[in-house]
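Colleague: I'm new to this one. Can we go through it together, a piece at a time?

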Amino acid sequence: MGAVLYVSCDAAALAVGADRVAETLVDELRARDVEATIVRNGSRGMHWLEPLVEIETEQGRIAYGPVKPSDVAGLLDAGLLDGGDHPLCHGLTEEIPYLKRQTRLTFSRCGITDPLSLEHYEMHHGFLGLKRVLEMTPAEIVQDVTDSGLRGRGGAGFPTGIKWNTVLKAQGAQKYIVCNADEGDSGTFSDRMIMEGDPFVLIEGMTIAGIAVGATKGYIYSRSEYPHAVAIMQDAIKIARKAGILGTSVMGSDHAFDMEVREGAGAYVCGEETSLLNSLEGKRGIVRAKPPLPAIEGLFGCPTVVNNVMSLASVPIIMDRGARFYRDYGVGYSHGTIPIQLTGNIKNSGLFETAFGLTLNELIYDIGGGTLSGRPVKAVQVGGPLGAYFPPSLFDTIFDYEAFIERNGMIGHAGIVVFDDTVDMLKQARFAMEFCAIESCGKCTPCRIGSVRGVEVLDRIAEGDQPEQQVELLTDLCDTMKMGSLCALGGFAPYPVMSSLTHFPQDFHVKPLTDAAE
Amino acid sequence: MALQTQSQDIEKETAAIIDVHEHQEGPLLPILHDVQGKFGYVPEDALLKIADRLNLSRAEVHGTMSFYPDFRTEPAGRHVLKVCRAEACQSMGGEKLADDIQRDLGIKWHETTPDGKVTLEPVYCLGLCSCAPAAMMDGNLHGRLDEDAVLKLVEEVK
């Protein structure tokens with residue numbers, strides 16, 4: 001069978017030329033008459049090294065990256081197939097500090113296996129959770145998920161087990177599992193990476209959820225900006241159906257469960273669960289007032305579990321290794337691991353799964369290596385476009401739901417966007433309001449009108465037009481949006497705005513303040 | 001006469017798409033996606049057909065379609081370039097890149113070059129935040145971009 005090489009098919013790898021590297025490898029190997037297999041795996045999450053090429057050796061896989069097509073011939077000359085030395089060689093992949101420091105539970109297979117190989121999946125502990133679940137009662141499954149301490153990884157941090165229990169107890173001829181894969185937050189891509197790199201874990205997680213609450217149908221609602229993820233998920237579902245994992249008899253049991261992928265159409269607000277449900281029903285993605293909770297009256301009015309990709313993809317390992325195993329990771333009320341995405345202006349960009357509890361300092365400097373531009377860090381935004389901006393003085397904050405809330409921030413979907421000292425925080429605040437205005441579903445006034453007024457007020461501050469009064473107005477407006485909006489879009493857009501204002505006042509009243517000071 | 005034929009074709013093609021999705025729960029979005037995939041936009045005749053077959057009012061179908069930025073009521077250029085405007089790309093000079101592209105192409109967001117070659121759309125995150133700035137040309141992803149790289153992308157497409 002010859003040598004086995006790995007080149008990722010993850011969208012981030014493709015975006016920097018992984019396909020061309022793989023093609024060049026094929027051509028070069030053919031020209032040299034060498035027999036080798038190229039496996040298109042998921043990504044290891046070390047995106048600054050993509051396109052990453054790995055070769056299987058007796059000691060383990062050896063990594064080379066970032067590889068350009070023009071590097072391929074030289075790599076082969078240097079003995080790539082035997083793990084030969086080369087300036088692009090990083091030694092054994094597993095020994096690279098960035099990977100070695102991680103605790104990979106949810107992403108344990110991502111970057112290792114062929115995403116669409118059931119055989120690979122089963123070889124790496126796949127379906128062990130589901131098999132265990134088939135011997136349990138629904139109440140026991142829900143209890144295990146509750147005991148694991150798993151909280152909604154979409155951002156809200158609501159205990160997953162409690163949500164499942166509500167759906168389990170709700171009466172309904174039909175119940176649904178809806179997977180929220182509408183990962184629209186800038187600085188996040190963990191959902192995409194799982195769907196592209198280990199789709200069966202999501203299928204397994206959703207099937208377990210279905211069995212636990214008595215739902216027979218699941219939907220994955222993904223964004224249209226993720227065509228690769230959608231295609232791989234669809235293929236994986238077909239494979240799972242054919243193998244009898246999905247269908248009228250899940251793995252030969254009495255349980256029925258099937259699922260399909262639905263694509264959004266470019267609306268950020270559809271990541272909000274009620275708006276997502278409306279969109280799935282074929283309506284405008286308008287936010288619904290709660291109550292009723294989706295757990296009681298969700299999709300088509302039926303009891304529905306709406307969980308994020310990360311939450312559902314964490315379930316199989318919890319059911320396999322036990323609630324206690326998962327719960328023992330983390331700090332405070334934040335149990336387990338969290339896949340943190342290090343993005344923007346950062347040297348070691350990528351995905352870093354770790355137990356809760358690291359500080360921002362450790363994440364940004366020790367692991368992330370500081371800015372890519374080499375300039376000082378001025379701010380980081382954690383939790384997407386609705387997350388707060390933190391200055392370096394708050395980098396001692398630990399990655400934990402409560403620690404961030406205490407400092408008027410949120411971990412959200414665990415994306416960290418790093419900005420160097422060239423960033424203008426007034427501009428960032430304006431963008432937050434502009435984004436909210438563009439993406440508002442229009443249902444509630446504070447969000448629909450407030451965001452437009454917010455842009456205007458910030459523009460007046462930029463023009464130096466009575467900045468003190470405008471700041472007062474802005475603070476009041478943000479308060480109204482926070483308290484009066486129906487969902488997190490209008491309710492959280494004030495966070496990036498107010499945190500910019502609080503931590504970077506110098507960016508807000510530049511002219512008048514300097515005038516006054518002089 | 002030609003117009004009438006075209007209109008009939010649209011209805012026929014749309015009906016075939018509806019046949020595929022009719023049995024699904026909440027079939028409207030999948031149908032709209034396929035219609036746009038077929039024609040490059042959602043023609044008025046298709047909209048009427050969908051309303052008729054799904055037993056919805058024309059306003060309901062129009063309302064749903066117009067809510068989502070993906071759906072067009074007019075054809076785009078031969079190629080669609082989506083450039084990310086979100087924060088992670090901003091942190092890597094995405095805003096300047098977007099300005100440069102608009103200047104180089106001589107068009108603004110949502111516009112098409114006069115030769116009908118490229119339509120420029122903003123996108124809020126492609127999930128490529130670890131290799132920013134990023135863009136998508138006709139479904140193909142590109143990261144770690146600069147002005148030259150984007151111009152090359154535009155040149156490469158016919």
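**Contacts of one glycine**

Modeller: A:G210 touches A:I177, A:A215, A:T216, A:G218 and A:F257, leaving out residues up to four places away in sequence. Touching, or contact, means that C-beta atoms placed from the backbone lie within 7 Å.

Colleague: Before we go on, what sort of model is it?

Modeller: This is a predicted model: local features need pLDDT of at least 70, side-chain atom pairs count only at pLDDT 80 or more, and totals for chains, interfaces and linings use all residues. Residues are numbered from 1 along each chain as its sequence is written, while chains are lettered from A and ligands numbered from 1 in the order in which they are written.

Colleague: Is A:G210 buried or exposed?

Modeller: A:G210 counts as buried because it has 25 C-beta neighbours inside 10 Å. Buried takes 20 or more other C-beta atoms within 10 Å, exposed 12 or fewer, and partly exposed is in between, with C-beta atoms placed from the backbone.

Colleague: Which helix is A:G210 in?

Modeller: A:G210 lies in helix α10 of chain A. Helices are DSSP runs of H or I with at least four residues, strands are runs of E with at least two, and both are numbered from the N terminus.

Colleague: Switching to the largest nonpolar core. Which residues touch the most other members?

Modeller: A:V178, A:C179, A:V380 and B:A134 do, in a core of 210 residues. Helix α10 (residues 199-213) of chain A gives the largest share, 10 residues. Such a core is a set of buried Ala, Val, Leu, Ile, Met, Phe, Trp, Tyr and Cys residues joined through C-beta atoms within 7 Å.

Colleague: And what does A:V178 touch?

Modeller: Among its contacts are A:Y219, A:Y221, A:L277 and A:V306, again not counting residues up to four places away in sequence.

Colleague: New topic: α2 of chain A. Which of its residues are buried?

Modeller: A:A18, A:V21, A:A22, A:T24, A:L25 and A:L29 are the buried residues of α2(A). Seen down the axis of α2(A), they fall within an arc of 165 degrees, so they line one face of the helix. That arc is taken over the directions from the helix axis to the C-beta atoms.

Colleague: What sits on the face turned away from the buried side?

Modeller: The exposed residues A:R30 and A:A31 of α2(A).

Colleague: What do the buried residues of α2(A) pack against?

Modeller: Their partners in chain A are β1 (3-7), α1 (11-15), β2 (36-39), β3 (53-57) and α3 (72-77).

Conventions:
Two residues are in contact if their C-beta atoms, placed from the backbone, lie within 7 Å.
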